[in-house]
Each structure stands twice: as structure tokens, then as C-alpha cells.
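Take a look at the structure below. We will walk through it a piece at a time, starting with a pair of helices.

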Amino acid sequence: MLSSFPSRCFRISIFLFRAQKLLSSSSIRPFPNETTSNHNSENPKSQSKTLNFDPNTVAGTLSSYCNDWKRAFEFFNWVETQCDFQHTTETYNRMLDILGKFFEFELSWDLVNRMSRNPVSSPDHTTFRVMFKRYVSAHLVKEAVDTYNRLEDFGLKDETSYCNLIDALCEYKHVVEAQDLIFWNKDLGFVKNTKLFNMILRGWSKMGWWSKCRDFWEEMDKRGVSKDLHSYSIYMDILCKSGKPWKAVKLYKEMKKKGIKLDVVAYNTVIRALGLSEGVDFSIRVFREMKELGCEPNVVSYNTIIKLLCENGRYKDALELLDKMLVRGCAPDVITYHSFFGCLQKPKEILRLFNRMIDSGVRPRMDTYVMLMRKFGRWGFLRPVFIVWKKMEELGCSPNESAYNALIDALIDKGMLDMARKYDEEMLAKGLSPKPRKELWTKLVSDDG
């Protein structure tokens, strides 16, 4: 549940951090001299010394500041200096991810060097996977490759790190560079395996370059790469996304003839392919088949069927399946509820399901809030927009650019320009970039005149 002990802990840590900052920046003593001694237990600074924060609480608090790197870094240092907390590799990695998001790479390397001096928080593969991801997401490919070449200093220049580099390049659509590294880099110290080629295949899929996917699929055969079940699963997914789900079904039948035993990932792709090409009822048949063959459906299996049912307007059947998930011990996730949110047409129904999601312990993601606020805004319902915004703040989630823009757009559509400008200025103060809006600019010009 979201009201669990760890959740309350990181809210307390946020309160103490903010109270400490307020007191340290104020020239007024918190209590009169004669009563200070009676109130020591209420002073946030003294309380912070007596609290024992665990790594999960600190990581959770950092996550709540993921869109405000300066505040996150202040808390990171505060909890170490004021609360005697010894940062772990996990909390360092979380801070590195936030810094990288805002291109603070010099500061990131300072943290990495701090980590390497402490045996409790030594850099690991996840540390540099974060660095690869943030460099490549900023399109700094050379810097990402240079980082890999520096890993000898940390004893981490190995196959795992190389796979993490290739994966980051493919994730952020630098597949050409990733493919060149695999094809032309000879002296790696390990054998290039099917996993690396699967990453490239998946990368071309993310790019949506279907002809490149087909060419690379054939290139794997030419180079003698042994295709595994994951290779087939990726290519079936490509066929679905490229508008050829019937070819994915054909490939599935070929796999069965060859005696290839499908896992839950492959079955999930087949379920979606059948739903797109032949209808959701055929998907349900394969869903039952996989259970009969001893392949237990996972949350993605249920999500795929629920989405197909919702897209076909069969909300009652989808809700029944949602109830069955819990009975069968498969907990719904945020994607489960997104399927409903994308198709339901009544604000009350959506908010009821939104509350059910939170009460069941499923934490909304930022794109959940943004999706709902945009949807309510398009419909012209401002009250539900603020209900979602308030819930986001209550759960300690720091709004990003998309969330602010969704709220501001809804306010402008309702003609509430003063309030819209207030949130626009709040964005700028946090270092976020608001959309250019002629409505707000026109108002500003008229005010100046």
C-alpha cells in the first residue's frame, strides 16, 4: 500500500530537509532563548541526527526530486552530513541518474570518483549503465564510448558493460553507431553472442525502420548467428508493429513445427498478433493454451488481453479479467490501468478506477498523471485535472515539463490566464522549459502597456 512505512519515511525525510533549509536560511531564531532548551526535541536539526534513514527511503526521496536536480543534490548531501547517513552504491546511482538527466556530467564524474574511494559504495555495472544511458540520451555518443574505454580503471571493462553500452545506444536510437561497434570492433576480449545481435534488432524496431529490421534479420543468417527464442520474439513483435500481424502468426506456426518451446514473452507477442489479425477471441484461445501447456501467464499476458478487450469496447469483460488477476496471484501494474484510462470516456469512471489503482498499492507514473490531465483538459473538465494534480503532490511526485504543460493548457482553455502564468513561472523557477504560448505572451504585453 502507498501508505506503507517506507512511503511515510521518505515524506518525513522531505519535511525535515525542508525545515532544516528554512531554519538555516532564516536570521530569526526558531525559539526564544529562554525556551529553546524546552524545545530541542522539536528542532528538525536535532531530530535529523536521531533518525536512521535506510537506503530505500533515501532513494525514494531522491526520486521525488527527480525533476529538480539542485534540490535532489542538496538532499543527497544533507542526509549524509546532517543525518550521518552513509550512501550506498544504490543511492549514488540514483543521484547520478538525476544529474545526468540535466546534463550535469562533470558533477556526475565527481560523484563516481567519490564512490570509488569508499568500499561500501564502489561503482558497479549499474553505475556505468546509468552514465551510458544519460550520455546517449543527450546524443553524446563519443562520450559514452569514451566512458566504456575508461572502465579498465574500475575493473569493469567486460562483456556486461559492453552489452550495457550497446543497449543504451539502441534504446536512444543510435542504432547505426551500435551496429558499427558490433560489426567492426574486433578486439573485445570476448565472443560476440546472439544477445548483442538481438539488441540491434530491437533497436531497429524502436526506430520503426522495418526494412532495416528485415535486412538485419537476414544478415544474422549470413553471419552465422544462431537465432534463439528471444530473436524470434523480437521479430514477431516487429511484424506486428509493421502492420503484418498475420506474418507473426505464420512465424509462430513455423516455430511450433520446428518444436521450439515458447516462453511467456513469445506467447505474449502471439496473443497480440492474433488479436490484431483475427480478433481478441482467438487471443483468448492461445491464452488458455499457454496455461494448459504449463506456461503461466504474467502481468503482460493479462495486460495484452485487457487492452484488446478495451479497444473492442468490452469493458465489462476487461474488468472481470482484472478481478481474476488478483485471484490468480498476478498483481496488476500501472500498464494494466493505462489500458482502461486510454479507452474509458467518463471522468467519474476514470477517477474511480484511478483511486482503486492507488488503493491497491499501484503507484502512478508521471505519464499516468499526464495522460489523465490531458484527457480531462481536452474534454474541458478542469476539476478532475486538479484532482489528479493534487494526488500527484500528495504522493510526493515532482511534476515534470509534460505535467506542467498539461495543467497550463487546461487552464488556458478555460481562460484562467493568471493562474496559468503562475504555473508557467513556477516551471521556469525549477529550470523546466514551458511551451511558448501566445495567450500568455499577449497578456504579458498588454500588462506592460
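Helices α10 and α11 cross in a left-handed way. Keep in mind that this is a predicted model. Helix α10 covers residues 159-171, and helix α11 covers residues 175-184. Their axes lie 7 Å apart. The angle between the two helices is about 150 degrees. Angles over 145 degrees count as roughly antiparallel, so α10 is roughly antiparallel to α11.

Which residues of α10 and α11 make the contact? From α10 come Tyr162, Leu165, Ile166, Leu169 and Cys170. From α11 come Val175, Ala178, Leu181 and Ile182. What kinds of residues are these?

Now turn to the cysteines. How many disulfides are there? The count comes to zero. Cys66 shows the reasoning. A disulfide needs two cysteine sulfur atoms within 2.5 Å. The closest cysteine sulfur to that of Cys66 belongs to Cys397, and it is 6.2 Å away. That is too far for a bond. Is Cys66 buried or exposed? Its relative accessible area is 18%. Buried means under 20%, so Cys66 is buried. Cys163 is buried too, with a relative accessible area of 5%.

Next come two loop residues, Phe103 and His139. Phe103 sits in the loop between α6 (89-101) and α7 (105-116). Its phi is near 65 degrees. That is a positive value in a residue other than glycine. Is Phe103 buried or exposed? Exposed means over 50% relative accessible area. Phe103 has 55%, so it is exposed.

His139 lies in another stretch, the loop between α8 (125-137) and α9 (141-149). The phi of His139 is near 65 degrees, again a positive value in a residue other than glycine. His139 has a relative accessibility of 56%, so it counts as exposed.

Finish with Ser205. Where is Ser205 found? It is in helix α12, which runs over residues 194-207. Its relative accessibility is 7%, so Ser205 counts as buried. What does Ser205 touch, leaving aside its neighbours within four places in sequence? Ser205 is then in contact with Trp210, Cys213, Asp237, Ile238 and Lys241. Find Ser205 in the structure and trace these contacts one by one.

Methods. Residues numbered from 1 in each chain as written. Predicted model: local features only at pLDDT ≥ 70, side-chain atom pairs only at ≥ 80, totals over all residues. Heavy atoms only, no water. Buried < 20%, exposed > 50% of the residue type's maximum accessible area, 1.4 Å probe, protein only. Helix = DSSP H or I, 4+ residues; strand = E, 2+ residues; numbered from the N terminus. Axes fitted to C-alpha atoms, helices over the stretch in contact; angles between N-to-C directions. Parallel < 35°, antiparallel > 145°, perpendicular 65-115°, else oblique. Left-handed = near helix turned anticlockwise from the far one by under 90°. Contact = heavy atoms within 4.5 Å.
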